[in-house]
Amino acid sequence: MEKSIIITGAAGFISSCLVEYFNEKGYNNLIIVDDFSQTRKDYNYENKKFVIKIERSELFEWLQANGDTVEFVIHLGAKTDTTEFDYNIHNELNVEYSKNIWGFCEEKNIPLIYASSAATYGGGEWGYDDNHEIVEKLQPLNPYGVSKNEFDKWALKQIKSPKYWSGLKFFNVYGPNEYHKGRMASVIWHSFNQIKQNGKVKLFKSHRNDYQDGQQLRDFIYVMDLVKVIYWMYNEMKSEHWQKEFNGLYNLGTGHARSFYDLAKNTFLAMSLEPNIEFIDMPIDIRDKYQYFTEANMDKLRLAGYNAEFYSLEEGITDYVKKYLLKGKIY
């Protein structure tokens, strides 16, 4: 019997794109896991090919009976709301749940790829290098980032680990299938919808003297690049090309910070419209927890062997807007 690949968070943004990408590569042997009670996300997986879907709360019970049928775990499911300040919620889903998945992969000697986050870097006091020396020093700005960093710290201390593993520090991801994320959707998604509704985009003012309004910088990565990296890593680990010294944390951005102004401007251009941008005050609840600059050092992933080019911001936005947002399509 063909062994299966578990993908958690499969009703969500990034994982649903990953499921589709695996389908396009000929993989239908997927076990998808999520909280499927949120029906607004049904569109993200209803036309995908998979073996079975499992409720997040029932996964470990299922694994007890069927664990030997699994060959790989890609654990992207998480509580990703950076405005949720109850750490207990993040701890349960992002730390404890992930420890159980790690334990299963270690016991069964199968590879694990899991989602960390650039939110672990906090205000960037220690830079954005994915070396393991700074992980204990990082001070994330919100409970979500804290939970991701706590699991990274825990993973790095483990004597027993999956045969091959990596934790991917996603930077600012955008792309199709994020429609359900509301406030947490990308600025491109919000910009597109503001343009359709009002003909203009509102961006946050800067509340720091060293950044002009709209010139806050982030490393924006198109989800199509992200799933390509995960698929490459999956094949490297499965084919034993991966080496144990490659195990660890990896940045996953483009390596090029761009401004929110550039992002909004290119959304207008992809819609064949002239930019019309105004600036509003940043909400008080996130003002002192806001990253003004992120930029992934991508040397480590390159040294591990990944050599494909990333979409530029212009290319990614054009693809997203023209293929998906304007057509109201899911990937």
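This note goes through a predicted model point by point, from the whole chain down to single residues.

1. Overall make-up. The secondary structure of this chain consists of 10 helices and 13 strands. Its radius of gyration is 19 Å, close to the 20 Å that the globule rule gives for 331 residues, so the chain is as compact as a globular protein of that length. The C-alpha trace spans about 55 × 45 × 40 Å along the principal axes.

2. Burial and contacts in the chain. Of the 331 residues, 53% are buried. Contacts between residues at least 6 apart in sequence were also sorted by separation: 77% of them join residues at least 24 apart.

3. How the helix pairs are described. Two packed helices are described by two quantities, the angle between their axes and the distance between the axes.

4. Helices α2 and α3. Helix α2 covers residues 59-66 and helix α3 covers residues 87-108. Their axes come within 11 Å and cross at roughly 10 degrees. Angles under 35 degrees count as roughly parallel, so α2 is roughly parallel to α3. On the α2 side the contact is made by Leu59, Phe60 and Leu63, and on the α3 side by Tyr97, Asn100, Ile101 and Phe104. Sorted by class, this contact has six nonpolar residues, one polar residue and no charged ones.

5. Helices α5 and α7. Helix α5 (residues 187-198) packs with α7 at an angle of about 45 degrees, and the axes are 9 Å apart. The two helices are therefore oblique to each other. The crossing of α5 past α7 is right-handed. From α5, the contact uses Val187, Ile188, Ser191, Phe192 and Ile195; from α7, it uses Phe260, Leu263, Ala264, Thr267 and Phe268. Eight of the residues in the contact of α5 with α7 are nonpolar, two are polar and none is charged.

6. Helices α7 and α10. What are the angle and the axis distance between helix α7 (residues 260-270) and helix α10 (residues 313-325)? The angle is about 45 degrees and the axes are 9 Å apart. That makes α7 oblique to α10. Here α7 passes α10 in a right-handed crossing. The contributors from α7 are Asp262, Leu263, Asn266, Thr267 and Ala270, while α10 supplies Leu313, Glu314, Ile317, Thr318, Val321 and Lys322. By class, the contact of α7 with α10 has five nonpolar, three polar and three charged residues. The student may wish to set this against the contact of α5 with α7, where no residue is charged.

7. The buried side of α10. Which residues of α10 are buried? They are Leu313, Gly316, Ile317, Asp319, Tyr320, Val321, Tyr324 and Leu325. These buried residues pack against several elements, among them the strands β7 (172-174), β10 (220-222) and β12 (258-259). The helices α5, α6 and α7 are also packed against by the buried residues of α10.

8. Leucine 325. This residue is found in helix α10. Is leucine 325 buried or exposed? Its relative accessibility is 14%, and buried means under 20%, so leucine 325 counts as buried. Leaving out residues up to four places away in sequence, leucine 325 touches Trp189, Phe192 and Tyr320. Its C-alpha atom is separated by 9.7 Å from that of methionine 271, which is 54 residues apart from it along the chain.

9. Two residues with positive phi. Most residues other than glycine have a negative phi. Asparagine 109, however, has a positive phi near 60 degrees. Asparagine 109 sits in the loop between α3 and β5 (112-117), and at 48% relative accessibility it counts as partly exposed. Glutamate 240 is not a glycine either, and its phi is positive at about 70 degrees. Glutamate 240 belongs to the loop between α6 and β11 and is partly exposed, with a relative accessibility of 45%.

10. Glutamate 245. The loop between α6 (223-238) and β11 (248-252) also holds glutamate 245. Its relative accessible area is 61%. Exposed means over 50%, so glutamate 245 is exposed. The C-alpha atoms of glutamate 245 and tyrosine 164 are separated by 9.1 Å, although the two residues are 81 apart along the chain.

Methods. Residues are numbered from 1 along each chain as its sequence is written. This is a predicted model: local features need pLDDT of at least 70, side-chain atom pairs count only at pLDDT 80 or more; totals for chains, interfaces and linings use all residues. Side-chain values use heavy atoms; hydrogens and water are left out. Axes are lines fitted to C-alpha atoms, for helices over the stretch in contact, and angles run from 0 to 180 degrees between N-to-C directions. Helices (H or I, at least four residues) and strands (E, at least two) are DSSP runs, numbered from the N terminus. Angles under 35 degrees count as roughly parallel, over 145 as roughly antiparallel, 65 to 115 as roughly perpendicular and the rest as oblique. A crossing is left-handed if the near helix is turned anticlockwise from the far one by less than a right angle, and right-handed if clockwise. Contact means heavy atoms within 4.5 Å. Ala, Val, Leu, Ile, Met, Phe, Trp, Tyr, Cys and Pro count as nonpolar, Asp, Glu, Lys and Arg as charged, and the others, Gly among them, as polar. The radius of gyration is taken over C-alpha atoms; the globule rule is 2.2 Å times the number of residues to the power 0.38. Buried means under 20% relative accessible area, exposed over 50%, partly exposed in between (1.4 Å probe, protein chains only).
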